[in-house]
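Hello,

Here is the structure I promised to pass on to you.

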Amino acid sequence: MDVTVVKTDYEGQAKKLLELMDGTDVIIVAGGDGTLQEVITGLLRRADEATFSKIPIGFIPLGQTSSLSHTLFAESGNKVQHITDAALAIVKGETVPLDVLQIKGEKEQPVFAMTGLRWGSFRDAGVRVSKYWYLGPLKTKAAHFFSTLKEWPQTHQASVSYMGPTERPPSTAEETPPRPSLYRRVLRRLASYWAQPQDAPSQETSPAVWRDVQLSTIELSITTRNSQLDPTSTEDFMNICIEPATVSKGDFIIIGSKKVRDPELHAEGTECLQASQCALLLPEGTGGSFSIDSEEYEAMPVEVTLLPRKLQFFCDPRKREKLQSTAP
């Protein structure tokens, strides 16, 4: 194998590298959520992304946050073992298709995410945890406690327009059977031509139905289902989770502290919508920030589109077997 190793020196370098990279057989990302997001964003911004995105990607979790590692590799309390499992998964060569979110602002180039977008008070308090490092194990609860002193209740106003799930097409294996001989193809073409009825019914598809939701929430998240893969699902969708604005101060501290470790945890009364595409509209003058795959971006109106099973990632064969065994 001819392997080229690039150590990034500044933010955005991985993105530029992938936009300019020549043909390769495998891409391996050793880093955290931020490095991985740069790589997939650079890859999917390419003019030839339709073919380049078929290149399998290996992920070795070395960053402070490596959300995707829990999807791809077996759980391990030993960080060295976890990294070893990730490297061996690339050697063994088994892959799994994962969804991607395309997130586009009004004047910005799209950003791509493997996990999703978070906007709200839990997110804001979570990014301030390191500020209270001197409190040791109490720093997480302290960040959420001090957040409640600034303003309460903390609500975020927005509107969401969304389109429901889309039907999942057959797998690639079913879509590309062995090609029949030329003789059989000619006969089949002739048979289908002569068999067409004169008044064949129209094949027009029904127009997409968009739904509008006005929301007042303590936190909004738009996420893929990569953490809970379901190979038997007949629909493709992302989750839009709207957490209630009625969370008490005590619950905010307790739930928020847990969400730092598990961002998929939600407060009781959370409403979850299933969508294949959505538009998030914020009131004029809204400040604050989004977290997109743990990276900070200015909050603004965005359009989010699900790209189902867009990228192939190397995964631990044990994780794949577990996935197949738990499928109904």
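Below is what turned up in it, starting with the cores and moving on to rings and charges. Please keep in mind that this is a predicted model.

**The cores**

The largest nonpolar core has 29 residues, and the members that touch the most others are Ile 27, Leu 72, Met 114, Leu 311 and Phe 313. Several elements give two or more residues to this core, including helix 1 (13–20), strand 1 (27–31), helix 5 (79–92) and strand 15 (302–314). Helix 2 gives the most, with five residues.

Leaving aside neighbours within four places in sequence, Phe 313 is in contact with Leu 36, Ile 57, Phe 59, Leu 68, Leu 72, Glu 94, Thr 95, Val 96, Leu 98 and Met 114.

A separate core of 27 residues lies apart from the largest one, and among its members are Val 160, Ile 222, Met 238 and Val 304.

**Rings and cysteines**

There are seven aromatic pairs in the structure. Ring pairs join Tyr 132, Trp 133, Tyr 134, Phe 145 and Phe 146 into a cluster. You will also find two arginines over ring faces: Arg 46 over Phe 52, at 3.7 Å from the ring centre, and Arg 225 over Phe 237, at 3.8 Å from the ring centre.

As for disulfides, the count is zero. Cys 241 is buried, because its relative accessibility of 4% is under the 20% cut-off. Cys 315 is buried too, at 3% relative accessibility.

**Salt bridges**

The model has 11 salt bridges.

Another salt bridge brings together the side chains of Asp 316 and Arg 318, at 2.8 Å from N to O. Asp 316 counts as buried at 3% relative accessibility, while Arg 318 is partly exposed, with a relative accessible area of 48%. Salt bridges that share partners join these two and Asp 85 into one network.

Enjoy exploring it!

Technical notes: Residues numbered from 1 in each chain as written. Predicted model: local features only at pLDDT ≥ 70, side-chain atom pairs only at ≥ 80, totals over all residues. Heavy atoms only, no water. Core = buried A, V, L, I, M, F, W, Y, C linked by side-chain atoms within 4.5 Å. Buried < 20%, exposed > 50% of the residue type's maximum accessible area, 1.4 Å probe, protein only. Helix = DSSP H or I, 4+ residues; strand = E, 2+ residues; numbered from the N terminus. Contact = heavy atoms within 4.5 Å. Disulfide = S-S within 2.5 Å. Phe/Tyr/Trp six-rings, centres within 6.5 Å; stacked < 30°, edge-to-face > 60°. Lys NZ or Arg CZ within 6 Å of the ring centre and 35° of its normal. Salt bridge = Lys/Arg side-chain N within 4 Å of Asp/Glu carboxyl O.
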